[in-house]
Amino acid sequence: MVARLVIAAPSSGAGKTTVATGLMAAFAGRGLAVSPHKVGPDYIDPGYHALATGRPGRNLDAYMCGTGLVAPLFAHGSRGCDLAVVEGVMGLYDGAADQGELASTAQVSKLLKAPVVLVVDASSQSRSVAALVHGFASWDPEVRIGGVILNKVATDRHEHLLREALGESGVPVLGVLRRAPAVATPSRHLGLVPVAERQAAAVSAVAAQAEQVLAGCDMEALLALARSAPPLDAEPWVPEVGEPLRAGGPGVPTPRVAVAGGAAFTFSYAEHAELLTAAGAEVVTFDPLRDESLPEGTSGLVIGGGFPEMYGAELSANEPLRKAVAELARSGAPIAAECAGLLYLARSLDGRPMCGVLDADARMSERLTLGYRDAVAVSDSVLAPAGARMRGHEFHRTVIEPGAGAEAAWGLRQPERRLEGFVQGGVHASYVHTHWAGAPEVAARFVERCAGGPVA
């Protein structure tokens, strides 16, 4: 059993990430082993969580992985820890569009039997805070709101008014935080700027968040609330893919899978590397901004999401690596590219040459494409056979033309029906992010192809 808290809010922008990260860092600073988690598909916040705790930030996504995997994935990530802090997504009861409570913070809190701490932006209210908290606490009786942290409180007088209003609500005030510029994290077109792009500044921000939480929150009461969570009846998820390759055995070389990292490619789920390893691969990372060649012996390539649009000039200038990627693709080696990886494989990005693997050109756009996707594999590929169903997520402000190749990767079923992505030789490239924990056969299929096995 792991003590646990879910940090939620009435809406986005209330300060969930600041409070959750500050709590993680503060408890870790007190010597506790803290397991960090994030509800939903977000890749950026877990980077700050990892910085705060020294452990991988892990996502809990009930849409992409299924409700049945939320508790096992949580148990896997929090194994051996004293405390788990789960940062919510959007407002407490907001989830997948037109899907009721599915993938909401409220649903995840119930699946984890975890008490919720509601972070309220109190900057423009006083007595009304009691009505807001009462509404959230009473909306769903199965969601246990164990306390409130009041954020962006202006003065001692403001704090007094807020505490007085909440005095009869039955929901205790567990913290009061003043406005503090030092804890702010800069944002841009897809949310916070990732840790990998601002290492020193990110370290300072997380330290400031921990100091703010220690000064303004009742840490003992928060820990007691976390420890009040009942036992969770869930076996930890295990990265299994069926029968793994007998790597290193007679005639079966260990396939080496190169995974793009660095500041331009920061979006990844920890479980993907674990599944690739479980399938028999050796996973190595490389940085397309710095490395001029792929890792020696690369037999497969994974290029996840990130911000290639912010580093277009540098990625384009690394011509030796672009040529190496193109050569690997021509050899028929398996390449799985999601979102940023799709842009990197294109002919150009904002007019700058990229790898030229795909006969397509990408550019920045004013339009934000965001949401869960119900997808069907259109073509046999290194990731899935035609007809396979997958759930994923899109999140980008770019456009690629054409949007699909002669052999498309996915047929999307909502919010509108369309073909999307490219299957070309051993390449599978798409805007759709997927979480392989919900479909471990993807990793098995990919590694088998890396070792020269069949795809069909």
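Is Y372 buried or exposed in this chain? With a relative accessible area of 13%, Y372 is buried, where buried means under 20% relative accessible area, exposed means over 50% and partly exposed lies in between, computed with a 1.4 Å probe and protein chains only.

The model is predicted, so local features need a pLDDT of at least 70 and side-chain atom pairs count only at pLDDT 80 or more, while totals for chains, interfaces and linings use all residues. Residues are numbered from 1 along each chain as its sequence is written, and side-chain values use heavy atoms, with hydrogens and water left out.

**The chain as a whole**

The chain holds 13 helices and 22 strands, which are DSSP runs numbered from the N terminus (helices: H or I, at least four residues; strands: E, at least two). For 456 residues, a compact globule would have a radius of gyration near 23 Å, and the chain agrees because its own value is 23 Å; this radius is taken over C-alpha atoms, and the globule rule is 2.2 Å times the number of residues to the power 0.38. Along the principal axes, the C-alpha atoms fill a box of roughly 70 × 45 × 40 Å. Of the 456 residues, 56% count as buried. Among contacts (heavy atoms within 4.5 Å) between residues at least 6 apart in sequence, 74% join residues at least 24 apart.

**Aromatic pairs**

A pair of aromatic rings is described by the distance of the centres and the angle of the planes. Rings of Phe, Tyr and Trp (its six-membered ring) pair if their centres lie within 6.5 Å, and planes under 30 degrees apart count as stacked, over 60 as edge-to-face and the rest as tilted. By this rule the count comes to seven aromatic pairs, and the table gives two of them.

| Pair | Centre to centre | Angle between planes | Kind |
|---|---|---|---|
| Y63 and Y372 | 4.3 Å | 25 degrees | stacked |
| F267 and F307 | 5.5 Å | 80 degrees | edge-to-face |

Y63 counts as buried, at 4% relative accessibility.

The rings of F267 and F307 are edge-to-face, and this pair also links distant parts of the chain, 40 residues apart: F267 sits in the loop between β10 (256-260) and α9 (270-278), and F307 in the loop between β12 (298-303) and α10 (312-317). Both F267 and F307 are buried, and together with Y43 and Y269 they form one aromatic cluster.
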